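Hi everyone, thanks for coming. Today I'd like to walk you through one model and the places where its parts touch. Have a look at the picture first.

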Amino acid sequence: MTSETAAPVGPFYDALHANYIVTLGDKLDSPTSYEGAVTEHLRVSGVYWSLAALALLRTEGEVDDLMGLTKPIQAATDGTDENKIRSAIVDWVFQCYDARVGGFGGNCSGENPHDAHLLYTLSALQVLAISNSLDDERLDKDAIANYVSSLQNEDGSFSGDEWGEIDTRFTYIAFSCLALLGKLPLPDWNNSNSTQVVSEEKPIIDTYKAVKYIMSCRNFDGGFGCVPGAESHAGQVFTCVGALSIAQSLHLLEDADLLSWWLAERQCDSGGLNGRPEKQADVCYSWWILSALSILGRVDWINTGKLGQFILNCQDDEDGGIADRPMDMPDVYHTFFGLCGLSLIGQLEKIGNKEGQNYRQIDPVFALPTDVVSRLGLKAQVIRNGGVDVEKRLQLHSILDI
Amino acid sequence: MNIPDVFSDIDPISQSDGPEPACAITYTPEFVEAHDYLRAVLKADERSERAFALTTICLKFNPANYTCWHFRRRCLVSLCTPTDSDARATVDVERIDTDLEFADKLGGTNPKNYQLWYHRRALLEIRFKGDERIQVAQKELGYVDKILGDDNKNYHAWSHRQWIIRTINQPQLWSAEIEYSHSKILLDPRNNSAWNQRWFATHEGEIAANSGMKLGKLSFEKAEEEANYAVCGAQVDPFNESPWRYLIGVLMEQCRWVQREEGADDKDKVNGLLRDCVAKIKDMNDSPTEDYPAGPCVSLMSALVDLLETVGDKTSLEEAKNMMGELVVEDPVRRKYWHKRQSTVLVLLGKVSE
């Protein structure tokens, strides 16, 4: 065994992590908790991170039992409020739906959803995907698709909400939302340079223009930024590569080597990855960079053993959860992306969970467990680099040889 | 301001929390009161002085409330433009400038909240319509400089600069921005954001100077200057990734150009520049400066092998192959990568030897 593939040293705290995620839900409910206050406006995303993280550790049924996904559950009490029943997460997600615009808010106050935003709309759809509820009759797919469509700008870019912030993140989110709804029109690169017309009607969005906009955000170092001209950032690289993948347009990435080298250079001596040159390593980049490298077929360009070790070093060995870097406080965002990182380098697979079963795997395009992606029949695109076999988890996507 | 007194004619709208919410939220009474009245004035779309003052209170509670920012601008625009006719001529610019200061104070020295930047942009769009647009832009660039003084990689701040310069699109601002990026690089040569800004200012500045004619590349003369600039930057600190990325970017852009039909005339010049850079980098590799530790420098070597591969003759490919062998040892984190590169270069060598 060479040093690159050597298994990281140290335990993986399966039970602690699961417990951390499950009890987090109760902390969020507690009016006095810090966690509840800071994540209040993005609660739907927090719920998605929690569920997706737990989904990598536990089966679908266990996740439902532990989190109360599709049914109300008894919430743990903090001593003040006994026998508190928490309504099903799916029902709460629908309360965050703003029927006036067709999008989801980050939270709701009683019956009133907060203002809708693309970010939370994707998180909500991801929660519904994980809970197998995308066919719930409360989900108005046409209205949501129209909302996504209304946020596309003349130049092909997407705004995150009606107030207009533009960012390549929102293109990825728009594509992912429409793909989850089964409504993404694909550009027809073989025929004319236009978005494929599936019927007589005008396509819901101009995917061709959206993809062109993504490409206009490509930089001299091979990476991508938020908007044209903006510095390359690993998070934006994921959203741009992910968007190209969902839109089956990865062939536009000429010189994928240049981009992949930029990504490989993000690995620091600690084994962790940073988001921009000279920035500190952070566990969340395990996701942003590995997902992009997975799609590009070049995960082996970095030292996965050292990265796995870095992520394991960021675990909280007392209370569970994973932090941004060693010795910091864990949070659910880094817990999810840390688990994703371990999954994408095959580390979780090697460990095998408590019952000796294999862990569920994360899909690097949709950020959902691969069994969910497969069940939904979602098909993105990945690159086969140099004839090397595509990882098993990616074989549900179409494969581009370049 | 005593909110219930000032809004005595308005019925506040409270949040209707249902029983047993999945995720309950608790706020302070002051927060709840202000937002209950905000909901009421929003519903009535009351664009008044008191409504404007109420947004100030709410934004101090939560500067990320984009609904509140938007409503504040609606109020401001209504209050600044007394009549609907010829709104631009009657804009109260002082009031807009005061609100820019308000956003400044709320953001502190490290505003990462996008709403603050968006608010500035919306207000500046009004100000840029006036005759003093260049002065206003320069003042705003001064504000961004203050922010970058505190956090020299603030992503929103750099994007804001780009927006200002693109929007005004005056030669003096484009050339000043090249100088500005230079000054930031001098302060911290490892500030990759500043290198990115230099690329932006040289490239889009050139497009602007050629009245939008978009070749998507620098002229050869400019490229030569920029390549030399990058080599100088790399000489200052060869372990710095940024100048190497910049150099490769500049050279590859020219190489791609000469591969096209309309660029064929520049082929010899570009090849000359490429070889010239390779020679300089080899010199650096052979005789490291006193400031830096002797021994291999991965950033330098990885740039050099890229360029040697681009030169592509037998000798250069041999050199690249040997250097990749060194990199397998010297860059253990990316050892597999360098093994792969070695096999690629062997294929290339096979082709030139045929």
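Okay, let's start inside chain A: the centres of domain 1 and domain 3 of chain A, taken over C-alpha atoms, are 26 Å apart. Before I go on, this is a predicted model, where local features need pLDDT of at least 70, side-chain atom pairs count only at pLDDT 80 or more, and totals for chains, interfaces and linings use all residues. Side-chain values use heavy atoms, with hydrogens and water left out, residues are numbered from 1 along each chain as its sequence is written, and chains are lettered from A and ligands numbered from 1 in the order in which they are written.

So what are these domains? Chain A is split into domain 1 (1–13 + 255–402), domain 2 (39–139) and domain 3 (149–231), with bounds from an automatic or database domain assignment.

How do domains 1 and 3 of chain A meet? 10 residues of domain 1 touch 11 residues of domain 3, where contact means heavy atoms within 4.5 Å. Together these two domains of chain A bury about 810 Å², 60% of it on carbon and sulfur atoms. Buried area here is the accessible area (1.4 Å probe) that two parts lose on being put together, summed over both. On the domain 1 side, Leu259(A), Trp262(A) and Phe366(A) supply 44% of the area buried against domain 3 of chain A, more than any other three residues.

Now for charges. Side chains of opposite charge can pair when their charged atoms come close. The rule finds one salt bridge across this interface between domains 1 and 3 of chain A, meaning a side-chain nitrogen of Lys or Arg within 4 Å of a carboxyl oxygen of Asp or Glu. Arg276(A) and Glu231(A) form a salt bridge, at 2.9 Å from N to O. Helix α11 of chain A (residues 256–264) gives the largest share of the domain 1 side touching domain 3, three residues. Helices (H or I, at least four residues) and strands (E, at least two) are DSSP runs, numbered from the N terminus.

Trp163(A), Phe220(A) and Trp261(A) supply 19% of what chain A buries against chain B, more than any other three residues.

How many salt bridges cross between chain A and chain B? The rule finds four. Arg245(B) also makes a salt bridge with Glu265(A), their closest N and O atoms being 3.4 Å apart.

One more pair, within chain B. Asp36(B) and Arg39(B) meet in a salt bridge at 2.8 Å, N to O. They are separated by about one helical turn because they sit three residues apart in helix α2 of chain B (residues 29–44). Over all chains, the structure holds 47 salt bridges.

Last, confidence. The predictor gives the complex an ipTM of 0.87 and a pTM of 0.90. Chain B averages a pLDDT of 89, and 90% of its residues score at least 70; pLDDT is the predictor's confidence in each residue, from 0 to 100. Over residues 17–22 of chain B, though, pLDDT stays under 50.
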